Every structure is written in C-alpha cells, then in structure tokens.
Amino acid sequence: MLCAAALATTSAEAVPSANDPGREKRKVDAQVDRLKDRLDETSSDLADAHAALERTKNKLPAAQTALARAQAAAAEADRANAVAAQELEAAKASEAKAQEQLDATTKEVADSRTRVAQFAAQIYQEQGFGQLDMALSSTDPQQFADRIALVDTVMDVQSETIERLSTEQASLTALEDHLSALRADSAEKKKKAEAALKRAQSARDAAARAKADLEALAAAQAAQARSAASLPATERAQLASMQAEQNRLKKVLKQRALEAKRRAAAAARAAAKKRQSSGGGGGGGASSGSGHGYLSAPTNAGYVSSEYGLRFHPLLHYWRLHSGRDYAAPCGTPIKAAANGTIIMAGSGGSYGNRVVIDHGIVSGEGLATTYNHLQSIRKWSGRVSRGQVIGYEGSSGRSTGCHLHFETLENGEFVDPRAWL
C-alpha cells in the first residue's frame with residue numbers, strides 16, 4: 001500500500017512504549033518534524049495527511065499494550081471476585097451452621113430450665129423431700145429405707161440437671177459469641193466481595209475503553225491511509241504545474257539573457273569601432289571575473305533549512321531538483337533584493353505562492369536572475385531595485401508546509417546553486 005511504503009523510511013525508527021508517553025510523544029513529534037522537512041514544498045494536504053498517518057501508526061503499539069494490560073487487569077479482577085464470592089459463601093455457610101447449633105442449644109437450655117422449674121414446683125407442693133419428713137412419715141423400717149433411697153436419687157437427678165443447665169448456658173454464651181464473630185466475618189467478606197466485584201467491573205470497563213480506543217485508532221489509520229493514497233495524483237498535478245511555471249520562467253529569462261548579451265556585444269563592437277576610428281586602445285567588456293560573492297543573502301534572519309540539489313520525494317518516490325536555497329525564519333521577516341536589478345515578474349506564481357523575479361542583467365558573462373518565493377506579501381511590484389531593498393516579506397504561500405523563503409538563482413534561464421553567487 002502506498003502510505004505504508006511511503007513511510008517505511010521513518011516508521012522503523014519509532015516503536016513507542018507505554019512506559020513514558022511524554023518521551024514517546026516528543027520522539028514522534030521530532031520524527032514528524034523530520035518528515036515535514038523532507039516534504040518541503042510538498043502540498044500541505046499531502047504532508048499533513050502523511051504526518052497524521054505517521055502519528056496514528058506510532059500510537060497503535062501503545063494502544064495495543066494498554067488494551068493487553070487492561071484485559072489482564074480485568075481477568076485478575078474477575079479471579080479475585082470469584083475468590084471473594086467463594087469466601088463469602090463459605091462464611092455464610094459457617095454462619096448458618098453456627099445458627100443451627102445456637103438454636104439447638106437454646107432449646108436444650110430452655111428444656112432444662114423447664115425441668116428444674118417443674119422439679120422445684122413439685123418439692124414445693126409436696127412440702128419438701130427432707131430426710132426427717134421421710135422418717136416421721138414412714139410406717140416401718142423398710143418404707144423408711146425406701147424413702148431415704150428415693151430422696152438421694154431425686155437429689156442426684158436435681159444436681160445433674162442443674163449442672164447440665166449450667167454447662168448448656170455456658171455453651172450457649174460461647175455459641176452466641178462465635179455466631180457474632182461469624183456474622184462480623186460474613187459482613188467483612190461481603191464488603192470484600194462487593195469491592196472485588198466493583199474492581200472487576202471497573203477493569204472490564206477500562207478494557208472496553210482501551211479496545212474502543214484501539215479500534216478508533218485503527219479506523220483513523222485506515223481513513224488516513226485512504227486519504228493519503230488519494231492525494232498523490234493531486235500532488236503530481238501540482239508538481240507538473242510547478243514544473244510548467246519553472247519552464248515558462250526559464251524560457252523568459254533565457255530570452256532576456258540572449259537579448260542582453262546581444263546588446264552587450266553590439267555595444268562592445270560599437271565601442272571598439274569608435275576606439276579604432278579615434279586611434280584608441282582596445283579591450284573592455286560588460287563585466288568580467290568570478291560571480292562568487294556578487295549576490296547578497298536575501299535575509300540574515302533564521303537559518304538555511306535546505307540547500308540546492310537533487311532530493312528524493314519520500315511520498316511519491318522519485319528524484320527531483322530542489323531548485324533553490326531555503327531560508328527558514330518567522331513569517332513577516334523582510335526579504336531584500338540580492339543585487340541591483342529590474343523586477344520582471346511579481347504576483348502569484350501558482351504553487352510558488354507570492355513571487356518576485358529580478359533580472360540582474362549580464363554579470364560575469366552570464367544572464368543572472370533571482371527569484372523570491374512563498375512570500376507572505378509583496379512590497380515592490382515593478383521597476384528598478386537596489387541591493388538590500390525590501391521587496392516583500394517571508395511567508396508560506398503556495399505549495400509550502402511552513403514559513404520559509406525559497407530563493408533561486410538562474411544563469412541564462414537555467415537553475416544553478418545560489419551558493420556559487422553568494
């Protein structure tokens with residue numbers, strides 16, 4: 001796919017990590033800035049589409065990591081919730097069992113109390129079981145012995161009943177304390193289970209959000225890829241238009257250079273003929289010597305962001321000439337004429353934006369001209385200009401991705417490296 005191939009030279013450099021989003025963002029931003037530098041004079045739509053696609057691609061690994069972590073957290077929270085639910089069920093079962101034991105012991109205590117009360121009532125009704133009463137009321141020795149044995153038996157039963165009642169009462173108190181502890185434990189387990197359930201639901205929600213974010217990024221990437229894939233045709237058309245404008249300018253300047261050279265040659269012949277007729281010496285021409293240093297820099301602000309030379313287009317995959325020198329400075333920076341000359345064009349240059357073209361005449365035997373492109377606005381529209389005179393202001397008009405001056409130098413209508421004349 002075009003968008004994937006176009007960004008192959010940069011995507012391999014960035015493998016984002018979720019550990020430091022700020023650092024990764026700075027890394028991606030720097031990568032996108034480098035890409036924009038390589039896309040200088042590329043249409044902003046195409047550059048922005050591919051920059052957006054690159055940013056989205058670099059976000060995907062972090063989103064995938066976030067989704068994996070959220071899903072793992074949700075699974076762990078579900079496990080914790082299951083354990084808490086099991087502990088709660090066990091606590092409830094222990095509480096129910098303790099309640100049954102308490103109910104049974106309570107019934108036993110109540111029964112024992114009833115028996116003791118009945119026994120006490122019987123003693124009261126029969127006015128005691130004292131041994132003296134038994135002896136006085138006996139009619140013979142055998143009856144006396146029998147009654148004494150009965151009294152001992154009844155007293156033993158009474159003592160055992162009271163002792164058992166005391167034991168059952170103590171057991172009842174212990175069971176009540178145990179049940180209270182179990183109820184407290186059940187309440188704690190219930191809170192723990194509710195908290196675990198809440199964490200599990202929160203983790204599932206986070207996983208769902210992470211999945212939605214990842215799906216949104218994937219959808220955005222697909223849309224951006226389609227957009228980026230549809231733009232190269234427009235980009236190529238703009239490049240063709242720019243090339244046509246360059247060819248037109250070269251033709252005009254080549255013709256002007258030829259005419260200027262003819263005039264210079266005619267003037268030189270006329271001057272030589274005049275000197276010969278007057279008996280003077282020979283020699284003398286329009287201008288001579290090296291052109292190096294003849295032109296002044298159009299601005300001393302900012303920095304040179306790109307030099308003259310062949311450049312590989314990272315999106316359209318072909319070599320083309322970067323026909324000038326780029327000066328990066330804030331929009332609105334004054335731009336000055338590089339030397340004395342005549343403005344032969346000023347206005348819209350299509351993809352070049354606002355443009356001024358100055359013909360400097362014949363210099364060192366060459367027809368020299370300079371162009372000033374992507375201006376924010378033009379100050380000098382026509383006529384003669386002097387070296388250092390402000391002709392416009394730096395901008396980003398036309399086919400440009402940011403504030404810069406695209407400065408070109410032409411010899412006899414052909415582009416040359418400006419550094420040969422600066």
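H374 sits in strand 8, and its relative accessibility of 0% makes H374 buried. Buried here stands for under 20% relative accessible area, exposed for over 50%, and partly exposed for what falls in between, with a 1.4 Å probe and protein chains only.

A word on the model before we go further. It is a predicted one, in which local features need pLDDT of at least 70 and side-chain atom pairs count only at pLDDT 80 or more, while totals for chains, interfaces and linings use all residues. Residues are numbered from 1 along each chain as its sequence is written, and side-chain values use heavy atoms, with hydrogens and water left out.

Now step back to the whole chain. It holds seven helices and 12 strands; helices (H or I, at least four residues) and strands (E, at least two) are DSSP runs numbered from the N terminus. Of its 422 residues, 36% count as buried. The accessible surface comes to about 22,700 Å², and carbon and sulfur atoms account for 55% of that. These areas come from the Shrake-Rupley method with a 1.4 Å probe, and for residues only the protein chains shown count as cover.

In soluble globular proteins, nonpolar side chains tend to be buried together. The largest nonpolar core of this model has 20 residues, and L295, V356, I358, Y372, I391, L405 and F407 touch the most other members. Such a core is a set of buried Ala, Val, Leu, Ile, Met, Phe, Trp, Tyr and Cys residues joined through side-chain atoms within 4.5 Å. Strand 7 (354-363), strand 8 (366-378) and strand 11 (405-411) each supply at least two of its residues, with the largest share, four residues, coming from strand 8. I358 gives a view from inside: beyond its neighbours within four places in sequence, I358 is in contact with A337, G341, T342, I343, L368, A369, T370, Y372, V385 and I391.

The side chain of T371 makes polar contacts with the side chain of N373 at 3.0 Å and with that of E408 at 2.7 Å. Leaving aside neighbours within four places in sequence, the contacts of T371 include L249, R355, V356, H406 and F407.

Next, the aromatic rings. How many aromatic pairs does the structure hold? There are three. Rings of Phe, Tyr and Trp (its six-membered ring) pair if their centres lie within 6.5 Å; planes under 30 degrees apart count as stacked, over 60 as edge-to-face and the rest as tilted. Y294 and W421 are edge-to-face, at 6.4 Å centre to centre with 80° between the planes. This pair links distant parts of the chain, 127 residues apart: Y294 is in the loop between helix 7 (232-277) and strand 1 (303-306), and W421 in the segment after strand 12 (414-416). Y294 is partly exposed at 28% relative accessibility, whereas W421 is buried at 3%.

Y327 and F407 have ring centres 6.4 Å apart and planes at 70°, so they too are edge-to-face. Because Y327 lies in strand 4 (residues 325-328) and F407 in strand 11, the pair ties together parts that are 80 residues apart in sequence. Y327 is buried, at 4% relative accessible area, and so is F407, at 0%. Ring pairs link Y327, Y372 and F407 into a cluster.

Our last stop is C331, in the loop between strand 4 and strand 5 (334-336). C331 is partly exposed, at 34% relative accessibility. Its C-alpha atom is separated by 5.3 Å from that of C403, 72 residues apart along the chain. Not counting residues up to four places away in sequence, C331 touches Q376, E394, G395, S396 and C403.

Note on methods:
Contact = heavy atoms within 4.5 Å. Polar contact = N/O pair within 3.5 Å; in protein donor to acceptor, adjacent residues only side chain to side chain.
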